[in-house]
Amino acid sequence: MAQEIPLAFADVDRGILCWVTEPNLLQQYVRTRRFTLGVPRDVTITPAGDRVVFLRSQGGADPMTCLWVTDVASGEEQLVTDPGLLVEDAEPEEERRRRERARETAGGVVAYATDRVVDVLAFALGGRVFWTRLGDGVGVRQLPAATPAMDPRPDPTGTWVAYVCEGALRILRVDGSGDRTLAEPEAPQVTYGLAEFVAAEEMGRLRGYWWAPDGSRLLVARVDESPIQRWYLADPANPATRPVNVAYPAAGTANAHVSLWIIGLDGARVAVQCEREAFEYVVTVHWHDAGLLLLVQSRDQRTMRLLQVDPDNGATTVRRQDHDAAWLEIVPGVPAVMAGGALVWTADQDATRRLLVDDEPVTPPGLQVRAVLDVDGDEVLFTASEEPTEVHVWAWSSAGGLVRRSSKPGVHSGRQSGGTLVLTERSWDGTRMTVQQRGGTATPITSYAETPVLAPRVQLMRAGERELRTAVLLPTWHTPGSGPLPVLMDPYGGPAMQRVVSARNGYLISQWFAEQGFAVVVADGRGTPGRGPAWERTIRGDIGAPVLQDQVDALHAAAQHHCDLDLTRVGIRGWSFGGYLAALAVLRRPDVFHVAVAGAPVTDQRLYDTHYQERYLGHPDQDPQAYDRCSLISDAPMLQRPLMLVHGLADDNVSVAHTLRLSSALLAAGRPHTVLPLSGVTHMANQQDLLLLELDFLRHSLALRD
């Protein structure tokens, strides 16, 4: 039985005293890593569709992720490897950074790669390389690879395994012989086969090399970080520890120099000709039987080119070029190629992000494509939204047309190969994964995830004239109309991420705050995904004012629909962009917001990375006013309300310099505020004590306000 904790909420001035007994959702949330442990994920399906490989830990509170395989016909699940039985070595620093970029909170086997037929599997653990062949049943074996190793990938034929060790790309045979270096770094700040910071953090590309379909050679990214400015992350709690040297490309400064090379198994190399000065971002690579495709993007992100590469001489030809006056969004999964050679692409047409097959739109206006998931023969599997709070899985083929594969309200994803569909469903009931062969019955893959001890009570609404998707959560013990509740806005609010979706787990902490006596409001404003290209681009040049106005409008609309919301006591909390938005709220709209908790906020827009910041605000040398307009430092003298700034000292994404600079400006202006430094914590804070301190600060500040 869940531990129960008595909680009190009091407002003496209004004569309200509520005692509630709440199951300890907060401890459960932290212990289960936001209820992600025990959930099956990272699926690979064999080309024949007869087996499914996936990752999953062995319990809802077990942080060690294991490799599994299930037989589609029988539904039998088999544990391929238990990482706890293999090694106990700590992960190398490069692997730790890769996991930070991927927002990976679990341990064990968190990534793997396979050959073409999904028989040979390889993964890294503790800086060592392991592999197994599913068909021979002899278990997992360690390869005698150089250490510390990371990102091992079998070639498509299952003969070789490539991996990266200390910035060098190496290969060895699966029988353990032939280990050698294919590309050795020429300088300390050069690597082969790894993704640079902005590729991993902002573009979704975590890899830096790709095998040819026949396994005869590789396309390899050479990353030279010497042009990038260096930052130093110290650990003040351990003054004897040397600061970590980080290459961080802040807005307006130099990016890494990324070049691409075709490298044979004998080490012979050919340079890929891709006009790096005009297109310095390597977005993705797709090497298939019919050829090698390379997608590159200009620094201002207004132009993308899809290049066809000749692997023999590195020459490139432009297959297509797209341009937008604001920016071009990177859509996961494109380019892709169908069995007959047709190119799968997306383009913004008719106020809609549409799916194209050989330049012809195959999805209708109003259906916003989110990602291409798979191409299975002549069928394309993708996600799209008709309503932004829901993401569904769709399929298109020339024979069958357009078909929606998911039905339940929620956020869905999937994979498909050999006619077998694996569907992942995040809904009001939790997360569920099923396997279905064409024409067959869907059978579940077991989930060991814990069920939250407290279910969110969410009311979705469309707020104001812009129909802002908004969620309102009231305490489960509260009777509507029985009395006013202080309000807590709980947004992210920024581009590239939604909070307001039809899925339970995204609201668990919001409901926990509601149980403490708040009416919680979560709103997605302008710039958030799912409502079309024009909606996303409304924040071009100003990521602050329109987003803040949408939070104000959503709050007022929610209060009109729910009479229990007390607009004289409004708090706001958030992390990352949400932290920026929270600080912005009390600085610029103290008439609406009375207290804020700002976690890891970007306070000086010039200190955040090139790819993200320049997409929305342009280059700071060309439009410095946009950066000044959206930064918070100059707003410091305006602070009238209680503000808590929270920051992890080990955060290499949003540096603690953001919080320290705002704090210095507040001190200089004589504005009291609170700073909570988190020693050893990165951008992925997941601490029970932190949320309790936030709650105490919010309660105290609202009770003491004038």
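**Entry 1: Arg96 and its partner**

I began with Arg96, which counts as partly exposed at 34% relative accessibility. The model I am reading is a predicted one. I then looked up the partner of Arg96 and found a salt bridge with Glu93, in which the closest N and O atoms are 2.8 Å apart. Glu93 is likewise listed as partly exposed, with a relative accessible area of 38%. Both residues belong to helix H2 (residues 93–101), and because they are 3 residues apart there, about one helical turn separates them.

I also noted a salt bridge between the side chains of Glu91 and Arg99, at 3.2 Å from N to O. Glu91 is partly exposed at 27% relative accessibility, whereas Arg99 is buried at 9%.

**Entry 2: Confidence**

The protein chain has an average pLDDT of 94, and 96% of the residues score at least 70. Over residues 1–22, however, the pLDDT is below 50, although this stretch has 44 contacts in the model beyond near neighbours in sequence. Where pLDDT is low, predicted coordinates should not be read in detail.

**Entry 3: Arg573 and what it meets**

Which residue forms a salt bridge with Arg573? I found Glu694, with the side chains meeting at 2.7 Å, N to O. Arg573 lies in strand S43 (residues 565–575) and Glu694 in helix H11 (residues 688–704), so this pair ties together parts that are 121 residues apart in sequence. Both Arg573 and Glu694 are buried.

I recorded that the structure holds 52 salt bridges.

Arg573 also has a polar contact of 2.8 Å with the side chain of Asp490. I located Asp490 in the loop between strand S41 (485–489) and helix H4 (508–515). Is Asp490 buried or exposed? Its relative accessible area is 3%, so Asp490 is buried. Beyond its neighbours within four places in sequence, Asp490 is in contact with several residues, among them Arg499, Ser510 and Val521.

**Entry 4: Helix H8**

I counted the buried residues of helix H8 (residues 610–617): 8 of the 8 are buried, so the helix is largely enclosed by the rest of the structure. At the start of H8, a side-chain oxygen of Asp609 comes to within 3.1 Å of the backbone nitrogen of His611. After H8 comes Gly618, with a positive phi near 75°.

**Entry 5: Helix H10**

Helix H10 (residues 657–668) has 12 residues and reaches 16 Å from its first C-alpha to its last, close to the 16 Å expected. Its buried residues are His658, Thr659, Leu662, Ser663, Ala665 and Leu666. They cover an arc of only 160° around the axis, which means that they lie on the same side of H10. I found that these buried residues pack against strand S45 (643–648) and strand S46 (674–678). On the face turned away from the buried side, H10 carries the exposed residues Leu667 and Ala668. Gly670 follows H10 and has a positive phi, near 70°.

**Entry 6: Gln560**

Lastly, I looked up Gln560, which lies in helix H6 (residues 545–561). Gln560 is exposed, with a relative accessible area of 70%. Gln560 and Ala463 are 97 residues apart in sequence, and their C-alpha atoms are 9.7 Å apart in space.

Methods: Residues are numbered from 1 along each chain as its sequence is written. This is a predicted model: local features need pLDDT of at least 70, side-chain atom pairs count only at pLDDT 80 or more; totals for chains, interfaces and linings use all residues. Side-chain values use heavy atoms; hydrogens and water are left out. Helices (H or I, at least four residues) and strands (E, at least two) are DSSP runs, numbered from the N terminus. Buried means under 20% relative accessible area, exposed over 50%, partly exposed in between (1.4 Å probe, protein chains only). A polar contact is a pair of N or O atoms within 3.5 Å; within protein, one must be able to donate a hydrogen and the other to accept it, and residues adjacent in sequence count only if both atoms are side-chain atoms. Contact means heavy atoms within 4.5 Å. pLDDT is the predictor's confidence in each residue, from 0 to 100. The expected span of a helix is 1.5 Å times one less than its number of residues. The arc is that of the directions from the helix axis to the C-beta atoms. A salt bridge is a side-chain nitrogen of Lys or Arg within 4 Å of a carboxyl oxygen of Asp or Glu.
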